[in-house]
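Here are my notes on the model you sent. Please read them with the structure open.

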Amino acid sequence: MFFEELKKIRLVPVVVIDDAGLATPLADAIVAGGLSSVEITLRTEEALAAIKTMAARSDLMVGAGTVLTLDQAKAAVDCGARFIVSPGMSPILVDWCLAAKIPVIPGCATPTEIQMAMERGLDTVKFFPAEQLGGVKMLVTLTAVFQAMHFMPTGGITADNLLNYLALPQVVACGGSWLVKTGWLKEKKFTEIRQEIARAVQLLENSPTRCL
Ligand code: 3PG
């Protein structure tokens with residue numbers, strides 16, 4: 001089950017990729033660093049091709065991020081995306097994913113949006129943009145109210161604040177682009193990417209899973 005898997009993985013690199021030819025070395029670096037999931041954002045023309053390349057692997061769970069429209073969600077799933085992440089809470093997108101049995105994590109920034117997600121039967125949402133919204137402090141307040149909900153904070157997460165989020169029992173996983181910096185990818189700095197991921201994995205290994 002996807003969300004159980006996500007709870008074990010605890011950290012999802014968020015990637016902006018301009019050249020699908022880099023998808024395989026990037027996937028190799030992520031796996032070598034110790035992670036087994038990635039979110040490819042649909043912000044570039046090459047994103048779908050990169051998803052297709054990565055989805056063929058058995059060692060990486062590939063999802064599509066920055067999914068803004070239903071057509072994008074369908075295209076990503078056609079290319080093999082195993083999950084869909086969107087910045088906002090779109091009922092149309094969520095309902096399609098639920099009907100198609102594709103795990104979906106819509107972005108929620110307010111209690112109203114979280115309630116909308118709940119009403120559609122979801123129990124996990126993305127808390128976005130996490131740091132800008134008030135970070136851990138805001139999330140503590142939200143989780144006190146929404147006790148059955150789980151969250152994937154994304155936006156402003158780094159190695160410095162990662163464990164503060166993961167210490168909250170309702171946080172399933174965090175997402176972040178700091179692990180695969182766009183500049184590193186453009187310059188094919190796969191060693192740097194692998195090392196940054198390995199550093200984060202080390203942090204995870206030294207911190208117990210608290211998610212309920
Ligand atoms: C996302 O698409 O989820 C965010 O852009 C990731 O946020 P970050 O770049 O601050 O990690």
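1. How many helices and strands does the protein chain have? There are ten helices and eight strands. Keep in mind that this is a predicted model.

2. Overall dimensions come next. The chain holds 212 residues, and a compact globule of that length would have a radius of gyration near 17 Å. The chain has 16 Å, so the value agrees with a compact globule. Along the principal axes, the C-alpha atoms fill a box of roughly 45 × 40 × 30 Å.

3. Now burial and surface. Of the 212 residues, 50% count as buried. The chain exposes about 9300 Å², and carbon and sulfur atoms supply 54% of that area. Among contacts with a separation of 6 or more, 59% link residues 24 or more positions apart.

4. In what order do the strands of the sheet lie? The order is β7-β6-β5-β4-β3-β2-β1-β8, in an open sheet of eight strands with parallel pairing. β7 (150-153) and β8 (174-176) stand at the edges with a single partner strand each, so one side of each has no neighbour in the sheet. On average, neighbouring strands are turned by 30° against each other, direction ignored.

5. Strand β1 (residues 11-15) runs parallel to β8, and three bridges join the two. In this pair, L11 stands opposite C174 of β8.

6. Which helices pack on the sheet? Helix α1 (residues 2-9) is one of them. Helix α1 touches β1, β2 (37-41), β3 (61-65), β4 (83-86), β5 (104-108), β6 (124-127) and β7. The direction of α1 makes about 65° with that of β5. Helix α3 (residues 47-55) also packs on the sheet, touching β2 and β3. The direction of α3 makes about 160° with that of β2.

7. Is L93 buried or exposed? L93 lies in helix α5 (residues 91-100). Its relative accessible area is 3%, so L93 is buried, the cut-off being under 20%. Leaving aside neighbours within four places in sequence, L93 is in contact with V67, T69, L70, A73 and S86. From L93 to A76 is 17 residues in sequence and 13 Å in space, C-alpha to C-alpha.

8. T143 counts as buried, at 10% relative accessibility. Not counting residues up to four places away in sequence, T143 touches F151 and Q170.

Terms used. Residues are numbered from 1 along each chain as its sequence is written. This is a predicted model: local features need pLDDT of at least 70, side-chain atom pairs count only at pLDDT 80 or more; totals for chains, interfaces and linings use all residues. Side-chain values use heavy atoms; hydrogens and water are left out. Two strands pair if DSSP finds at least two bridges between them. Helices (H or I, at least four residues) and strands (E, at least two) are DSSP runs, numbered from the N terminus. Axes are lines fitted to C-alpha atoms, for helices over the stretch in contact, and angles run from 0 to 180 degrees between N-to-C directions. Contact means heavy atoms within 4.5 Å. Buried means under 20% relative accessible area, exposed over 50%, partly exposed in between (1.4 Å probe, protein chains only). The radius of gyration is taken over C-alpha atoms; the globule rule is 2.2 Å times the number of residues to the power 0.38. Accessible areas come from the Shrake-Rupley method with a 1.4 Å probe; for residues, only the protein chains shown count as cover.
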